[in-house]
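Subject: Structure handover

Hi,

Here is the structure I promised to pass on. Please open it next to this email.

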Amino acid sequence: MHGTKRHPEFHKALAPDTKKQPKSHWPEWVIGKTMMDQAMKSIVARVHLDRSYDIPYLAGYSVDGHTIFIDRHMPKSFVYRGRRVYTDRFLIVHEAVEKSLIQLLGMHYLTSHQIALHAEQAAVRAEGIKWDAYNEFMEEYIKVIGDEKLDRVPDNLDLTPYVDFHDSAELRQMRANTVPGPVNKPRHAVHIAGL
């Protein structure tokens with residue numbers, strides 16, 4: 001419904017606020033950092049992290065989604081412009097978003113991965129880190145870890161990403177070297193209306 005010139009009070013009540021908003025003394029990236037910190041803390045608090053297995057492509061998740069795996073050889077941090085940056089939380093955000101989209105919404109892995117990658121990028125950038133620097137660090141270890149022998153693959157690792165990549169040689173190696181994976185209880189109950 002729109003106001004008309006014949007009803008100025010009505011028009012004024014429904015018109016968008018055109019007052020200039022006061023400029024915040026905080027730069028936009030600080031506000032983004034605060035929101036991303038809260039989001040990351042919330043996600044990290046809802047999953048179990050396990051760094052004791054061999055995980056192709058750096059990170060993955062359990063079939064039930066309660067555990068995020070990060071490869072046991074992956075360094076926990078790197079130095080960016082003179083400061084130490086801890087990377088586990090960025091990988092956790094990526095994996096948790098990806099698994100949630102697959103498990104709760106039934107999305108295809110590749111689509112879920114793209115959305116999760118954007119969430120990871122937003123978290124990295126909100127931290128004041130250039131994506132290229134972070135990504136270069138990750139790429140270095142994807143190659144190293146991808147080339148190593150897989151000796152300890154958790155038997156409850158969700159293989160969906162590897163099946164979707166049609167990497168049959170890697171899947172054979174993973175299945176031949178499985179060990180019992182952790183069985184963790186959920187840290188947070190999920191309630192979705194209609195499911």
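Below are the salt bridges and a surface patch.

The model is predicted. The count comes to 4 salt bridges.

R72 and D54 pair through their side chains, at 2.7 Å from N to O. R72 sits in the loop between β3 (67-70) and β4 (77-80). D54 sits in the loop between β1 (48-50) and β2 (59-61). The two are 18 residues apart, so the pair links distant parts of the chain. D54 counts as buried, because its relative accessibility is 0%. R72 counts as partly exposed at 33%.

R89 forms a salt bridge with E127. Their closest N and O atoms are 3.4 Å apart. R89 belongs to helix α3 (residues 88-105), and E127 to the loop between α4 and α5 (131-147), so the bridge ties together parts 38 residues apart in sequence. R89 is partly exposed, with a relative accessible area of 26%. E127 is buried, at 11% relative accessibility.

Helix α3 also holds K99. K99 forms a salt bridge with D158, with 2.7 Å between the closest N and O atoms. D158 lies in the loop between β6 (153-154) and α6 (160-164), 59 residues from K99. Both K99 and D158 are buried.

Now the surface. Y57, L110 and F165 form a nonpolar patch there. Together they have about 270 Å² of accessible area. L110 is in helix α4 (residues 109-126). L110 is partly exposed, because its relative accessible area is 40%.

Best wishes

Methods
Residues numbered from 1 in each chain as written. Predicted model: local features only at pLDDT ≥ 70, side-chain atom pairs only at ≥ 80, totals over all residues. Heavy atoms only, no water. Patch = residues over 30% accessible without salt bridge, like charges linked within 9 Å, V, L, I, M, F, W, Y side chains within 5 Å. Areas by Shrake-Rupley, 256 points an atom, 1.4 Å probe, with all protein chains shown as cover. Helix = DSSP H or I, 4+ residues; strand = E, 2+ residues; numbered from the N terminus. Buried < 20%, exposed > 50% of the residue type's maximum accessible area, 1.4 Å probe, protein only.
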